[in-house]
Amino acid sequence: MRAATGAPVLPGLRVQLRVVGALTLRELGTRFGRDNLGYIWLFLEPALLGGAIGLVHHLSGHALPGGVDVGTFWVIGYVPYYLLRGVLNRGPSAIAANQSLLYHRHVTLLDILLARNLLEGAATAGALLGFALFFGLVAGEWPREPAKIVLGMLLMLGFAHGAAMLLATGSVYSEIFDRVTHLFTYLSLPITGAFFMVFWLPTELQRAALWVPTVHVFELVRDGQYGTLVPTSYDVPYLLGWVAALNLLGMAGLRRARRDLAL
Amino acid sequence: MIALRGVHKSYHTRLGHREVLGGVDCVFRPGEQVGILGRNGAGKSTLLRVVAGVERPTRGRVERGMSVSWPLGFAGAMHYSISGADNARFIARIYGKPLVATLDFVEDFAELGEYFGMPVRTYSSGMMMRLGFALSLAVDFDCYLVDEVVAVGDTRFGERCRKALAERRERSALLLVSHQAETVRAFCTSAAILHGGRLTRYDDLDQAIAQYEAG
């Protein structure tokens with residue numbers, strides 16, 4: 001609306017930043033409370049879950065194909081998956097949970113989704129940073145190329161955010177999305193690529209696995225962690241294509257949903 | 001100035017397509033206190049939400065040349081799981097108002113006592129209304145949109161609201177929807193009747209009320 005009347009874009013952007021900032025702080029308050037160690041849970045939740053999984057597999061003593069370090073493999077698979085699942089699962093409830101805030105005209109559906117998902121991203125980033133330091137200091141397992149891990153996490157966030165916008169859009173029209181999303185994220189765990197590496201698979205299966213966009217994310221993150229120690233295969237432009245398409249569709253969907261939403 | 005140009009609003013319901021507003025044309029100017037009278041289900045709250053811009057018209061458009069509050073009433077605009085104080089902080093942040101001044105104003109105006117630090121869901125409806133009104137006054141809009149509940153609630157608070165609005169009379173506009181003529185008479189200087197999805201304005205308050213009560 002603002003752009004249509006010819007007003008400058010910059011103030012609009014400033015309002016959006018202000019709104020997203022306020023929403024993020026509020027989200028922090030509602031999710032973790034304002035008492036005690038409330039905010040610490042933000043990082044602790046993914047860290048504890050990831051740590052538990054890494055520890056169990058470390059203690060079980062099963063070696064992985066290619067001699068990959070067991071602890072780091074499970075943790076750097078689990079943390080990005082936690083981000084994906086967290087963002088997707090919370091997508092269908094995003095609008096219903098924040099509907100009363102839409103009474104403020106300049107709070108948009110995109111702002112609501114952005115605030116929630118950026119917070120989720122910050123939580124997993126914090127947890128991953130903690131793990132990187134832990135594995136580095138304790139086991140000398142420093143990431144070979146940290147920038148690739150950062151890129152991988154950003155792409156995962158972008159992918160999940162785009163998909164979550166579509167789920168949120170769907171939730172305005174049907175309750176089915178809220179019901180099946182959890183089931184879907186749970187059942188799709190084996191094919192996301194969180195806990196297998198592409199080079200472990202037979203050639204035929206490799207080609208099939210590389211159709212799955214998230215497989216590329218996990219391979220990219222592993223490349224950042226292990227470098228040339230293990231072969232990884234991923235295609236960043238392919239992944240970027242998914243991220244761009246999902247985000248464009250998601251934003252268009254939210255625009256449409258806002259028009260049809262009755263408060 | 002707020003201008004509604006051929007505003008239509010319809011909803012899809014289980015009973016099919018239902019048109020609530022069927023072509024509303026109207027202009028509200030700064031300093032006007034307009035009461036909008038309508039029977040239950042006439043579409044008063046829908047009109048208010050469309051003017052506020054929280055719901056889009058199905059057809060037509062709304063031009064806002066001044067800052068317009070959110071629709072003040074029981075529901076909406078607040079977050080129930082956080083405290084009144086946190087709501088005030090949130091409002092200050094999204095509207096770009098100073099944090100401390102806003103908190104002080106809301107605490108003082110809403111008179112919630114120690115409930116100011118408790119989650120809004122523990123409030124009585126009267127307390128919620130006071131908080132909502134205080135929040136909107138803290139933002140300092142040019143035009144206030146009020147659903148009748150605010151006006152008929154707690155009379156002492158009603159008096160304070162009336163005074164706060166009167167102080168702004170020169171620069172602030174007020175749009176109040178109600179099904180009660182007395183409420184409109186107490187707060188407004190002119191009136192309009194919403195009937196059959198259309199809005200008819202009257203310059204003379206008494207004429208509007210007489211017409212409304214006759215219909």
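Across the interface of chain B and chain A in this predicted model, twelve residue pairs are in polar contact, both partners having pLDDT 80 or more. Salt bridges between chain B and chain A number zero. On the side of chain B that touches chain A, the elements giving two or more residues are β1 (2–13), α1 (44–52), β5 (68–72) and α2 (84–94) of chain B. The element that gives the most to this side is α2(B), with six residues. By class, the residues on the side of chain B that touches chain A comprise 14 nonpolar, five polar and eight charged.

The extent of the interface can be stated in residues and in area. In contact with one another are 27 residues of chain B and 24 residues of chain A. The two chains bury about 2,300 Å² between them, and 60% of this lies on carbon and sulfur atoms. Within chain B, the residues that lose the most area to chain A are B:R56, B:F90 and B:I94, which together account for 27% of what that side buries.

| Helix pair | Axes come within | Crossing angle |
|---|---|---|
| α5 (residues 109–139) and α11 (residues 236–260) of chain A | 9 Å | roughly 130° |
| α3 (residues 70–90) and α5 of chain A | 9 Å | roughly 170° |

The axes of α5(A) and α11(A) cross at roughly 130°, and α5(A) is therefore oblique to α11(A). From α5(A), the contact is made by A:L109, A:L110 and A:L113, and from α11(A) by A:M251, A:L254, A:A257 and A:R258. The contact of α5(A) with α11(A) has six nonpolar residues, no polar residues and one charged residue.

For α3(A) and α5(A), the axes cross at roughly 170°, so α3(A) is roughly antiparallel to α5(A). Residues of α3(A) that make this contact include A:G71, A:V75, A:I76, A:V79, A:Y82, A:L83 and A:R90. On α5(A), the contributing residues include A:R116, A:N117, A:E120, A:T124, A:L128, A:F131 and A:F135. The contact of α3(A) with α5(A) is made up of nine nonpolar, six polar and three charged residues.

Definitions and conventions: Residues are numbered from 1 along each chain as its sequence is written. Chains are lettered from A and ligands numbered from 1 in the order in which they are written. This is a predicted model: local features need pLDDT of at least 70, side-chain atom pairs count only at pLDDT 80 or more; totals for chains, interfaces and linings use all residues. Side-chain values use heavy atoms; hydrogens and water are left out. Contact means heavy atoms within 4.5 Å. Buried area is the accessible area (1.4 Å probe) that two parts lose on being put together, summed over both. A salt bridge is a side-chain nitrogen of Lys or Arg within 4 Å of a carboxyl oxygen of Asp or Glu. A polar contact is a pair of N or O atoms within 3.5 Å; within protein, one must be able to donate a hydrogen and the other to accept it, and residues adjacent in sequence count only if both atoms are side-chain atoms. Helices (H or I, at least four residues) and strands (E, at least two) are DSSP runs, numbered from the N terminus. Ala, Val, Leu, Ile, Met, Phe, Trp, Tyr, Cys and Pro count as nonpolar, Asp, Glu, Lys and Arg as charged, and the others, Gly among them, as polar. Axes are lines fitted to C-alpha atoms, for helices over the stretch in contact, and angles run from 0 to 180 degrees between N-to-C directions. Angles under 35 degrees count as roughly parallel, over 145 as roughly antiparallel, 65 to 115 as roughly perpendicular and the rest as oblique.
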